Amino acid sequence: GQGGGTAAAPQGTAGAKAGVLHVLASIDLEHLDPARNYVTSSMDVGRLIYRTLTTNAAAPGPAGGEIVPDLATDLGTPTDGARTWTFTLKEGVKFEDGRPITSKDIKYGVERTFAPEFPEGPPYARMWLRGGDTYKGPLNGEGLKSIETPDDRTIVFRLNRPVADFGSAVSMPFFAPVPKDKEAGVAYDNRPFSSGPYKIEKFEPKKRIELVRNEHWDRSTDTVRKGLPDRIVIDLNLDPAVIDQRMIAGQGEDANAVQFEPIGAASVAQVLTNPALKERLVTGESINTRFLSLNTSRKPLDQVKVRQAIAYALDKEALRTVRGGPIAGDIATALLPPAIPGHRKEDPYPADVAKAKALLAEAGFASGIDLVLDAPATPGGKAQGEAIQASLGRAGIRVKINEISSSAFWSTVGNASQQHDLVIDGWTPDWTGASTYLPNVLDGRFIVKQGNQNRAHYDSTEVNKRFDEIAAMTDAAAAATAYGELATRIMRDAPVVPFLWDKSAFLTGGNVTGAYGHVAFVGRVDLATVGLKSAR
Amino acid sequence: MIVYLLKRLGAAAAILLVICALTFTIFYIAPDDPAQKACGKACTPERIEQIRDQLGLDTPIPEQFASYVRGIFAGRTYGTGSTAVECPFPCLGFSFQTNVPVQELLVSRLPVSASIAVGAAVLWLLVGVGAGVLAALRKGSWWDRTAMGAALGGISLPIYLTALVLQYLLVVVFEVLPYPRAVGLLEDPAGWFASMLMPWIALAALYAGMYARLTRTELIGVLSQNFVRTARAKGLPERTVVRRHALRPTLTPIVTVFGMDLGALLGGALITESVFGLPGVGKLAADAINSSDQPVILGVTLFAAAFIVFANVVVDLLYAVLDPRIRLGAS
Amino acid sequence: MLMALGAPLITALTGQSPTEFHPEAIDPALGGLPKGPWGGISAEHPLGVEPATGRDVLARVVWGARLSLLISLLATLLATTIGTVLGLVAGFQGGWADMVIGRLMDLLMSFPSLIFMIALMSVAPDGNRELMLVAVLGLFGWPYIGRIVRGQAMALAGREFVEAARVLGATRRAILFREVLPNLTGPILVVATLSIPGYIATEAGLSFLGVGVRPPTPSWGQMIASAVPWYAADPVYFLVPGLFLLVTVLAFNVVGDALGDLR
Amino acid sequence: MTPLLEAEGLVKRFPMRHPLTRRVTGHLTAVDGVSLTVRRGETLGLVGESGCGKSSTARLITRLAEPTGGTIRFDGRDITTMGEATLRPVRRDLQMIFQDPFSSLNPRMTVEAILSAPFRYQGLKPEPGQIAELLRRVGLRPEHAERLPHQFSGGQAQRIGIARALALHPKLVVCDEPVSALDVSVQAQILNLLRDLQEEFELSYVFIAHDLGAVRQVCGRIAVMYLGTVVEIADRDELFAHPAHPYTAALLAAVPIPDPRIERARPRVVLSGDLPSPANPPSGCPFRTRCPRAAERCALERPTLAEGAPGHRVACHFPLDTSLGLSRDGARRAGPRPAKGAP
Amino acid sequence: MTLLDVKDLRVSFGETRAVDGLSFSLERGRVLGLVGESGCGKSVTSLAVMGLLNGATTSGEIWFDGQELLGSDRRAVRRLRGDRLAMIFQDPLSSLNPYYPVGFQIAEAYRAHRRTSRKQARAIVVRMLDRVGIPEAERRARDYPHQFSGGMRQRVMIAMALCLEPELIIADEPTTALDVTVQAQILALLDTLRAEYGTAVLLITHDLGVVAGTADEVVVMYGGRAVERGEVHALFEDPREPYTRRLLAAVPRIDRPVPDRLETL
Ligand SMILES: Nc1ncnc2c1ncn2[C@@H]1O[C@H](COP(=O)(O)OP(=O)(O)OP(=O)(O)O)[C@@H](O)[C@H]1O
Ligand SMILES: Nc1ncnc2c1ncn2[C@@H]1O[C@H](COP(=O)(O)OP(=O)(O)OP(=O)(O)O)[C@@H](O)[C@H]1O
Ligand SMILES: [Mg+2]
Ligand SMILES: [Mg+2]
Ligand code: NI
């Protein structure tokens, strides 16, 4: 991209094993309990506190998408046609109190995710593990039989279907170890027990979390994390503009700070026109795609021509501009972003207002249509909403913006009875690949009344069938190509209009080294590798 | 007096109860399901059901309200079994978005708000009352007109405008101050002062204007009173006349207004704290509103209301203490 | 005021709509910064353009003035009407009515109104936001006027001309509205005028905090809120609505002040 | 013929509240069993010191205040408990003039509006020229009708108040200190005017004042009030010639006479102590705390208003007047008693 | 010996002339009555003598014991005030500061001119309160003005004025707000104390009766100037000016037969 900065290699060189790293975040950490940690920001922080069987490599660019062993010695051994997966734990891995991490702790951690109290995690365990459909978690004392721990270092998962990329799935936080005696129900969220390089010293939700070094973390067992600073202090819920300006000024402690979220559009000009600042700008890639979901269950969006008209009319450039311009990412022309295997270079709906009008007229709406857009009630949501409103307006599509409080946004648009015509939508796969993306948002059989993710309500028998066929493939490359073809096929129906493949650009303090944007965390800084040049 | 105090506190409690009930009802009959809001992003019907159960949303509203009020005095436990969360006395609710009892959030935010409020109050009292006194003593002079013009300007300044202009000038352009951040007074007094200076000025600009005008009007009124003439007739030096005989009666209404303003200020620090990104009670409220964390909104509203109501009681008592006519009753 | 009424005219003159995007006036590569100095001020856009969208600031400011003033004037009207009627009744009738109304005023004034208004607006059903703002502002604003009217009415109720009217056989209504109210128009006018800027500022504050009117309708508070992140990169964008707001509020304060001095 | 006004045992009690707590701390008896009659065409004077209940009595008679006890008969009808609506026609005959000429005129109304208010509130319309005639009658000019009250002097304003009271040709006018706020010269004009009008309109007055000179000038009969009660009532000349109550005597003695020779020759009567609070009146005779003749009986027994000489009634156990049973110069013998602490 | 000599005093507030060429003089130990109708400039005159007029243009001369006051510097006049020149005002309630106990307010007057300890000042306060006839002076000194009746407050004012034994007391309508019986008490008190201290009094009143009973000399004011002045007996018996005559005739007197009509001006 044109963003500038260094995307190729982590910034700087070796950092000191000391100092206090500051992280300035404009958001709150949703959940740190590994059973509930399923948003990229919390996962980034979670990676400091707990280890999983495997994890993403610490590398900039698409290389970060590679899965490498973490607590396990390898990426797991599939048997029984990828229906049984066996992992062996490394030796010398320990919790924060010095006790060794055993396979039972991992088993307990996974079992917890079945408890209805912790619904936020991904559905894979429930979907794949045998008996997972009826299991209600360990809180009432019951265990899950399909996870076996023949000894303290071996763990065996028995699945109800072949899962080729199970080795990637276990990189998710819910495969982190949790000692049974530390169980605290929902309160575990505030103080998860550490198996990683840092433990929580103090956590004030929405305000600040302070991490200190976990003395029992053994550097030699961890090939991914660097564990450089003595302390990491994350300030939460700061004003984004204030963070930008503080990072630009870089005074005092802020020289030891990194910014957690991408810089705002308003700060872009200041940074790009100042070479000294550009030095400190880091860009990261991501596998996030932003799209506009068109609710095909509502008239007149049930007509493909109307949807195509929207796809032609949407001014993606304006949308990108309100998000910060080229630095915010590349304009999306297809469903799959370039970093995901199977991506195809294509642009079925180039911007063309005249064509949009013609299509609308063909569909019988020469005088235009009225639609309601669901947008989060945030400054960004509002700006995007207005951009959509203005650009569709050129084609005679009158859009009314329905602002939804940001916390209730996903549950509202996931509720079929509360969702309107258009939704500002998007998706990040759980790991690099289309398998946790396309089926999640476009498989018609996953449409549910509440907590729905297929917000286009797109249900094509042909496409659904193809999803099943690809899922059964064991050859990863073939599956990727097949997903790419299917994406092209889906876009002919235009249930969604992709408009942006995110990138992230953030500033680091002058004393910070080793910072790069990680693809798994939407291009956010990989906290596990950042250090300070000198400990002041 | 004791009986009166008890009665006043009783009335205050009644007002708080009504405020609590109103706020409670508004949130719980709002079109959005509180459970859905507490549920967050990855929400399943089961989870919603569970939260409903924990929050006791299935019981009738009066009953929910009763358990809320009971919780304030006795603490309460939300939910049962493994999902149970403890919310100790004085339980103002439990934030399911952050997993923390509301009162804990409040307590952790209070120092910042108190720093802002108290510092700003000191500043505006010094500037406002000082300017008002000088203007009253030199009524009609160049100074009077300038000060009153400035006061009117100060009153007209929206806080966020002052705040941002200050930040732009002092931090961005001239770089004389750092960006405000939450620093404890004890940890780093200099940093605390530097961080608080702009919020103080922003808030104080508004109130100083009001107090300057109030002081001026009051003092001019008092100076025309017969007893001031008497004091002069005694041959007291003008300084003593002003200080002892005019200022004291002038300060009584100012002190009472001040009490109310300070009470309302904690609730109103919202904009200042939001603009400067300082994690105080106001910011807590703003964030809670943004993320629809209803227990927190309810708790902050109640807390702020309690502060106002309490300040009003104190003000009334203060008035009585300051004014012998009330303290000792009519002849 | 003129500006608010003339909003359609001004926008017709400049040929700019408050909602139209002007991608040519901004530089996407710099995050949407307006091209040219001073926030993109040009002959076409006399007060510059909005960063990231290129919308005309003048058009937005004048349309925003319309909305801000409309809302605050209606809120003032509402608060003044309720405050006057209830204040009169409380101050004049005394006793039971005074107690009930007094308690109600105490109650409303004990609300941390800004927090509560925001909360209320944020949970309020999606309807006419403008009317809702008026209602909320009026609801929390009337006690301040009511208290003043009550005090004045109480003072007037003890005046001998009220007794004189009673001796002449005037009804309670006649006394309230023929004898007492005309004597209150002065103070009411002053208080009302002085409360307008408060409402303008509060409306802007609510919009500033994101619970005001819905986009794309411009309002000053919203404009300022969206200008906040830009204050360092494009201070003009922030200063224009800010100064308009300041000047308007100041103007109302000065007028109210002058009215108060006149009496 | 029945008297025009008969008030029987009027009582008015006010609750006293603590200024802060608003709690009722006691009761203040402003009027404590006052009985008065006003005959047609006569002027009854009501004198007494500040706070003795004169205005309260006036407000009871005109039904501006609700009596706590007692009855009021006006023109043969009991008006004590009449509702506002039934009372309205009665009000035409029962008018009032107030103390403060400015406060009693609505500052927002022109004289024209003020003088047409009596008609309007009674559902009538003034005939053309009637208002000009009223103005002329009280010594103002018709062109004054356009002015607002603040454009008049105190005496002129009081004339407007009088014109308003007379607009509907009432039978009784209650004048509550109509001249207290005025200078002597203006006061004289108003007193003259009131007398002229009385003849012309066949009015009866209840004339309240604390100035004995003014009361003497206009009243036929005079009632002296002290601490909410009438202590003495008699025809004017009788009262001034033979005051029977020690209080009346002290009051008369205290009125300064604008003649140095007479004034300096008079023995000074200085009552000791202060007026007791009506909230906490003394037992028995209310005047006993300051009375030079007070005896034990006075503390125990409250004297009632008893008729001595015909038409002269006094509430005292030991009245002064010989014709009422005691020596006439009693007051002089007993007093003056110097104020406590004074040499 | 002349204590106070006012020569051609003129005071105006902007356009309005409140006092317009007034002259009079007062001997030590004598009482001068200044009478006139409302607004004739009596209070303004008294304030001018005290140097308490604000925002007025003043001309003429005011000689006090050989010292010209209008031309003197403010400090010097202030030192005289309260010490040798004291004043009693009409409304004793509003003239006392509601926020301080009366004892404090009297002591303050004393300590403004005499160096004494608090304790000594308190003793003087108690003695003065006792002198003006306030029972339980020791305890009452700690009470606030609102706890006193009207007559008592005026006694407090007198105590305050007399505590430094001034040579001149200006009493501006000292009894107008009081009832006749209380007025009699206060006038008697003033008279006794005046005789005892040998203080001269400038007695301002609109009540001719009060003047007749108290003053040695009288000045009748009208429209800011003196229309007549003279020894009290002479003036009342044989008023020269028609204005004075009419003024006297307008007062309803209780010692003469009731006239049919009162004289008016
Ligand atoms: N509305 C009221 N509430 C309480 N007390 C009252 C009220 N009106 C009068 N009083 C008290 O009742 C007593 C009698 O008052 P009233 O006004 O009748 O006296 P007055 O003789 O007219 O005195 P003045 O000469 O001062 O007019 C006074 O002590 C007064 O304080
Ligand atoms: N501060 C002032 N500003 C303007 N005019 C004033 C001021 N003080 C007094 N006057 C005017 O000066 C004139 C004389 O007033 P002054 O108070 O001396 O009258 P007075 O004789 O004391 O009357 P009263 O008997 O009512 O007390 C009046 O016309 C008054 O309006
Ligand atoms: Mg009265
Ligand atoms: Mg005077
Ligand atoms: Ni007796």
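Mentor: The largest cavity has a volume of about 160 Å³, where a volume is the space filled by probe spheres set on grid points joined across faces, edges and corners. A cavity here is a set of points, on a 1 Å grid over the protein atoms alone, where a 1.4 Å probe fits but cannot get out. Rolling a probe the size of a water molecule over the atoms shows where empty space is left.

This is a predicted model, so local features need pLDDT of at least 70 and side-chain atom pairs pLDDT 80 or more, while totals for chains, interfaces and linings use all residues. Residues are numbered from 1 along each chain as its sequence is written, chains are lettered from A and ligands numbered from 1 in the order written, and side-chain values use heavy atoms, without hydrogens or water.

Back to the cavity. Its lining (residues with an atom within 4 Å of a point) has 14 residues. Nearest its centre are Met43(A), Arg47(A), Thr55(A), Ser171(A) and Phe521(A). Helix α1(A) gives the most, with three residues. Both α1 (40-49) and β2 (54-56) of chain A supply at least two. Helices (H or I, at least four residues) and strands (E, at least two) are DSSP runs, numbered from the N terminus. By class, the lining has six nonpolar, five polar and three charged residues. Nonpolar means Ala, Val, Leu, Ile, Met, Phe, Trp, Tyr, Cys and Pro; charged means Asp, Glu, Lys and Arg; the others, Gly among them, are polar. In total the structure holds twelve cavities of 30 Å³ or more.

Now ligand 1. Its shell (residues with a heavy atom within 4 Å) has 13 residues, and Ser50(D), Gly51(D), Lys54(D), Ser55(D) and Ser56(D) come nearest. Look at the polar contacts, pairs of N or O atoms within 3.5 Å. A backbone N or O atom of Gly51(D) sits 2.8 Å from a ligand oxygen. For the side chain of Ser55(D) the distance is 2.6 Å. For that of Ser56(D), 2.5 Å. The protein covers 62% of the 630 Å² of accessible area that ligand 1 has on its own, by the Shrake-Rupley method with a 1.4 Å probe.

Ligand 2 sits in chain E, with Lys42(E) and Ser43(E) among the surrounding residues. The side chain of Ser38(E) has an N or O atom 2.7 Å from a ligand oxygen. A backbone N or O atom of Gly39(E) also lies 2.7 Å from an oxygen of ligand 2.

How values were computed
A polar contact is a pair of N or O atoms within 3.5 Å; within protein, one must be able to donate a hydrogen and the other to accept it, and residues adjacent in sequence count only if both atoms are side-chain atoms. On a 1 Å grid over the protein atoms alone, a cavity is a set of points where a 1.4 Å probe fits but cannot get out, and a pocket is an open set with protein on both sides within 12 Å along at least five of seven lines; lining residues have an atom within 4 Å of a point.
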